[in-house]
Amino acid sequence: MYQKQEGKNSGHNGLDEWFSMKDNFYSKILNWVLPIFVVFTILTGGVIEGLVILIAYLVYRFYSERDKYFSFFGKNNYLKGNLSKAVRYYEKAYKTKKAEAKVVVSYAYALILQGDFNKSDEILAELRGREDAQSVFTQLALCDAVLMWKRDKKLTNAISSLEHFDDTLRTSSYYGILGKMLLETGNIKKARDFNEDAYRYNSKSPDILENLIRVYCIEEEYERAAKAAEVLLKKKPRSLDACYYCAVAFEKTGKVDKARSLYKKALKFDEMLISTVSHDMVNQKK
């Protein structure tokens with residue numbers, strides 16, 4: 001079974017951890033003391049002084065936690081299908097040197113989807129040397145599998161690297177990515193079995209629903225595809241592929257206006273490395 005392995009720590013980790021603990025200690029003290037001081041200053045008549053201190057405190061908080069703001073906007077843009085903007089915000093979060101492992105691996109994955117393999121390799125190598133790398137074990141493995149699939153052109157090997165995952169490591173992202181890989185093999189029966197199993201794992205995941213709709217469209221089971229598409233639309237899908245396959249399902253079941261609207265919407269989203277649909281394909285449908 002695919003299981004976690006203990007990472008290696010560099011000799012500097014102890015010292016880095018010590019300084020990090022000190023920084024966190026002083027930061028927590030400041031976060032408690034300053035608001036109390038501001039309230040006290042205002043209550044004792046120093047309204048202007050209190051407001052000045054409050055503004056300075058807010059600026060300080062924004063600066064000290066800027067990695068969280070940048071990562072929030074990075075995730076938000078990724079979910080909206082704006083990959084290029086997501087990369088820019090994730091990069092800002094990464095450059096603060098304070099980003100959590102889950103943010104760094106999201107940055108690396110977004111770079112992979114952009115086709116920037118060299119930079120993603122650098123980010124992943126740096127992340128693996130961190131003490132908190134084990135917290136994103138599954139995400140790291142998924143990044144490696146997508147690189148194997150798209151960069152190295154070894155789809156079979158990529159699938160094999162994921163198929164034997166321990167159940168505790170399987171997530172909705174795991175099912176979404178492996179489901180897409182299996183569809184690429186052309187073995188529709190195996191892909192269908194897996195994606196229907198994925199649906200039982202999480203019937204609300206947009207990625208899982210997208211794969212299932214694609215399976216039903218390939219098998220020309222358009223009524224089933226349309227029913228799944230209705231569920232997916234409630235999740236407000238923000239990807240080129242999701243809008244396209246939902247549109248196909250609706251087109252084939254006579255809901256032409258709905259299909260036309262979704263084809264148009266699909267063009268708003270960036271093409272990604274693992275997209276199976278291009279803007280040209282959508283334009284032909286329109």
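Me: Which residues does S120 touch, not counting residues up to four places away in sequence?

Reply: This is a predicted model. In it, S120 touches A108, L111, I112 and L147, with residues up to four places away in sequence not counted. S120 itself belongs to helix α6, which spans residues 117–128.

Me: What makes S120 count as buried or exposed?

Reply: Buried means under 20% relative accessible area. S120 has a relative accessibility of 0%, and therefore counts as buried.

Me: How do you know whether α6 and α7 are roughly parallel or roughly antiparallel?

Reply: The axes of α6 and α7 cross at roughly 155° and come within 12 Å. Angles over 145 degrees count as roughly antiparallel, so α6 is roughly antiparallel to α7. The crossing of these two helices is left-handed.

Me: Which residues of α6 and α7 meet, and how do they divide by class?

Reply: From α6 come F117, S120, D121, L124, L127 and R128, and from α7 come L140, C143, D144, L147 and K150. The residues of this contact divide into six nonpolar, one polar and four charged.

Me: What makes α7 and α9 roughly parallel or roughly antiparallel to each other?

Reply: Helix α7 (residues 137–150) packs against helix α9 (residues 172–185) at an angle of about 15°, and their axes are 11 Å apart. An angle under 35 degrees counts as roughly parallel; α7 and α9 are therefore roughly parallel to each other. In passing α9, α7 makes a left-handed crossing.

Me: Which residues of α7 and α9 meet?

Reply: On the α7 side these are L142, A145, V146 and W149, and on the α9 side S173, Y174, I177, K180, M181 and E184. By class, this contact holds seven nonpolar residues, one polar residue and two charged residues.

Me: How do you know the relative direction of α3 and α4?

Reply: Helix α3 (residues 66–79) and helix α4 (residues 83–95) pack at about 165°, with axes 7 Å apart. The cut-off for roughly antiparallel is an angle over 145 degrees, so α3 and α4 are roughly antiparallel to each other. Their crossing is left-handed.

Me: Which residues of α3 and α4 meet, and what are their classes?

Reply: D67, F70, S71, F73, G74, K75, N77 and Y78 in α3 meet L83, K85, A86, Y89, Y90, K92 and A93 in α4. Eight of the residues in the contact of α3 with α4 are nonpolar, three are polar and four are charged.

Me: What is noted about the phi of K153, and what makes K153 buried or exposed?

Reply: K153 is not a glycine, yet its phi is positive, at about 60°. This residue is placed in the loop between α7 and α8 (155–163).

Me: What is noted about the phi of K236, and why does K236 count as buried or exposed?

Reply: K236 has a positive phi of about 50° although it is not a glycine. K236 lies in the loop between α12 (222–234) and α13 (240–252). Its relative accessibility is 58%, and exposed means over 50%, so K236 counts as exposed.

Me: How many helices and strands does the protein have, and what percentage of its residues count as buried?

Reply: The secondary structure comes to 15 helices and zero strands. Of the 286 residues, 40% count as buried. The protein exposes about 16,500 Å², of which carbon and sulfur atoms supply 55%.

Methods
Residues are numbered from 1 along each chain as its sequence is written. This is a predicted model: local features need pLDDT of at least 70, side-chain atom pairs count only at pLDDT 80 or more; totals for chains, interfaces and linings use all residues. Side-chain values use heavy atoms; hydrogens and water are left out. Helices (H or I, at least four residues) and strands (E, at least two) are DSSP runs, numbered from the N terminus. Buried means under 20% relative accessible area, exposed over 50%, partly exposed in between (1.4 Å probe, protein chains only). Accessible areas come from the Shrake-Rupley method with a 1.4 Å probe; for residues, only the protein chains shown count as cover. Axes are lines fitted to C-alpha atoms, for helices over the stretch in contact, and angles run from 0 to 180 degrees between N-to-C directions. Angles under 35 degrees count as roughly parallel, over 145 as roughly antiparallel, 65 to 115 as roughly perpendicular and the rest as oblique. A crossing is left-handed if the near helix is turned anticlockwise from the far one by less than a right angle, and right-handed if clockwise. Contact means heavy atoms within 4.5 Å. Ala, Val, Leu, Ile, Met, Phe, Trp, Tyr, Cys and Pro count as nonpolar, Asp, Glu, Lys and Arg as charged, and the others, Gly among them, as polar.
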